Each structure stands twice: as C-alpha cells, then as structure tokens.
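Hi,

Here is the structure I said I would pass on. Have a look at it first, and my notes on what turned up are below.

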Amino acid sequence: MMICRFNGGNLGLVKGDQVIDVTPVLGLLPAQHYPLPQKDLLIEALPKLRGAIEAEAKKGTSHALSSVRFEPPVANPGKIIGAPINYKAHVEESKADANIGHGRNITSIGDWGMFLKAGTSLIGCSDDIVLRFPERRNDHEIELGVIIGKQGNQIKAADAMGYIAGYTVALDMTLRGPEFQCFRKSIDTYSVIGPWLVTADEVADPDALDLWLTVNGEPKQKSNTSFLVYDIARLIEFASSFYTLMPGDIIMSGTPEGVGPVRPGDLIEAGINSIGQFSIRVAPEYA
Ligand code: MN
C-alpha cells in the first residue's frame with residue numbers, strides 16, 4: 001500500500017498514476033487531549049486502518065499524481081534520526097574532501113553514533129528547499145527513509161523488521177561546516193520525505209534497493225542499499241540501543257557517495273527502486 005498526504009492535510013491512497021482521496025479515514029484516529037503523545041497517530045494506526053482505506057478508496061475522488069501537492073507522508077515524527085558515514089564509498093569521499101569532513105576524524109558510524117534532525121526541518125517534496133548561508137556549501141544527500149511503526153527499545157536486529165511501518169525517499173540536506181550535525185542538518189526545509197510511504201509488506205528487501213539522485217538532470221549519486229555499512233536492521237538495533245523508537249520516527253539510513261553542492265534554482269530529482277521518486281526545487285533565493 002502506498003500512502004500519501006496531499007493538498008492541505010488530505011490522506012491519499014496511491015494507485016498507478018492516481019491519488020485516491022481517503023481523507024475520511026482520518027476520522028477513525030483516536031481523539032487527542034493535552035499532553036499530546038510523542039508519536040504519529042496515523043502511522044501507529046496504519047495496520048488497523050488498511051481495510052477502511054481500501055473501502056474508502058472505492059468511493060473516493062481520484063486525482064492525477066502530477067496534479068497534487070505532496071506533504072510529508074509522516075506528519076508528526078517524534079524523531080528524525082540520521083545515520084552518518086554509512087556507505088563505505090561515502091566514508092572515503094569524506095576523508096578525501098576536506099570540505100565534507102571539516103577536520104573531523106572520519107572513523108565509523110559505530111564510533112560516531114547517530115544524530116537527530118529537528119522536526120521543524122521536515123517538508124514534503126512539493127515544497128522548495130530554501131538554502132541558507134550562501135557563502136557555504138549546501139549538499140544533497142539521498143537516503144532510504146525508514147518509518148518506524150511501533151514502539152520499541154533495545155530492539156534486536158533479528159526482530160527489527162517487525163518494527164517498520166514503511167519506507168520513503170529521503171533527502172538529508174546538509175550545510176557543510178564545523179558545527180555538529182544536529183545543527184547543520186536541522187535548518188528549515190533540510191529534511192525532505194516523499195512523495196509517499198510504501199508499507200513494509202511491499203518491500204521484500206530494503207537492503208537491496210537502487211537509489212539515485214540528479215541535479216539539473218546531471219547524475220550525482222547512484223548506488224544500492226546493499227552497500228550500507230550498517231544495514232536497516234542493524235540501524236534499528238543501534239538507534240534503539242540509545243533511543244526508544246516510536247511510531248512515526250524516521251530513520252534516514254545514510255547517503256552513498258556523490259554528495260555535492262546545490263544552488264538556488266537547482267532542480268533535484270531523487271528516486272529509490274520499489275519506493276518512488278520525486279523532483280524538488282531549490283528555491284531561487286536564499287532564506
Ligand atoms: Mn545523511
């Protein structure tokens with residue numbers, strides 16, 4: 001099942017080249033009272049809502065994919081967790097290019113651990129990425145986004161797949177420089193997910209997916225998740241050895257080699273086999 005959010009808070013089921021409006025299903029979510037839970041209610045409820053989504057899709061209005069504005073398929077992630085230096089060839093390019101590593105000792109994800117990106121950095125693929133700090137390098141990083149479906153702590157890798165709600169195409173936009181990742185990668189609009197999520201049952205092996213990114217039509221990144229240093233199960237084990245994972249948490253699993261700067265006005269296209277693809281504009285002006 002492919003689920004999207006579109007046109008101002010609507011819920012969509014993606015089928016072929018259409019989005020079918022299934023927004024009334026959101027009415028089945030439990031009513032909320034302050035203090036609100038640190039999780040995404042829709043993602044948590046998704047397994048129970050599948051029947052209702054299919055039923056609503058039989059009568060819902062269809063829209064062409066090309067005609068809708070996509071919002072992030074997860075509205076309220078409690079955490080966006082990043083995986084640094086998690087493809088060997090990206091580790092090597094980070095060591096070789098001082099403008100990527102900025103004097104840091106590029107060791108391993110096991111040494112570095114993971115990092116958090118602010119929720120306020122999240123956008124969907126129909127929004128613009130708005131760059132800051134024109135004098136500095138702002139890079140694209142395509143990543144497989146893993147959406148957590150249920151709460152878990154100290155999850156074993158062998159059990160990890162059972163905690164995944166689905167997958168999405170993610171961009172971990174990055175300001176290069178000396179600050180910690182949680183600061184540089186948390187600028188507004190620097191976390192992109194979309195266009196939709198694909199539920200985990202439709203992805204046989206998340207560790208065998210081609211992913212690619214172009215800028216203005218020029219190939220920049222092309223790899224496969226089989227080259228991950230920590231594969232998806234191990235990332236879940238690693239993240240949950242420190243954090244309790246909650247429904248709607250997003251793990252950006254790391255970027256392969258080929259990272260590079262983007263500039264105002266650029267068009268980024270990014271895709272992952274079996275998941276989806278989108279094009280997103282870099283706004284013509286800096287923030
Ligand atoms: Mn990254």
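Between domain 1 and domain 2, about 1400 Å² of area is buried, and carbon and sulfur atoms give 61% of that. On the domain 1 side, Met 2, Ile 43 and Phe 70 lose the most area to domain 2, together 41% of what that side buries. Keep in mind that this is a predicted model.

As for the bounds, the domain assignment puts domain 1 at 2–71 and domain 2 at 80–281. Domain 1 brings 16 residues to the contact and domain 2 brings 19. Taken over C-alpha atoms, the domain centres sit 24 Å apart.

The polar side of things: I get 2 salt bridges between the two domains, plus 6 residue pairs in polar contact, counting pairs with both residues at pLDDT 80 or more. Which elements of domain 1 give two or more residues to the side that touches domain 2? They are strand S1 (2–6), helix H1 (41–57) and strand S5 (70–71). H1 gives the most, with 4 residues.

There is also a salt bridge between Asp 201 and Arg 50, whose closest N and O atoms are 3.1 Å apart.

Last, the cysteines. The disulfide count is 0. For Cys 4, the nearest cysteine sulfur belongs to Cys 125 and is 9.4 Å away, whereas a disulfide needs the sulfur atoms within 2.5 Å. Cys 4 counts as buried because its relative accessibility is 1%. Cys 182, with a relative accessible area of 45%, is partly exposed.

Cheers

Note on methods:
Residues numbered from 1 in each chain as written. Predicted model: local features only at pLDDT ≥ 70, side-chain atom pairs only at ≥ 80, totals over all residues. Heavy atoms only, no water. Buried < 20%, exposed > 50% of the residue type's maximum accessible area, 1.4 Å probe, protein only. Domains from an automatic or database assignment. Contact = heavy atoms within 4.5 Å. Buried area = accessible area lost by both parts, 1.4 Å probe. Salt bridge = Lys/Arg side-chain N within 4 Å of Asp/Glu carboxyl O. Polar contact = N/O pair within 3.5 Å; in protein donor to acceptor, adjacent residues only side chain to side chain.
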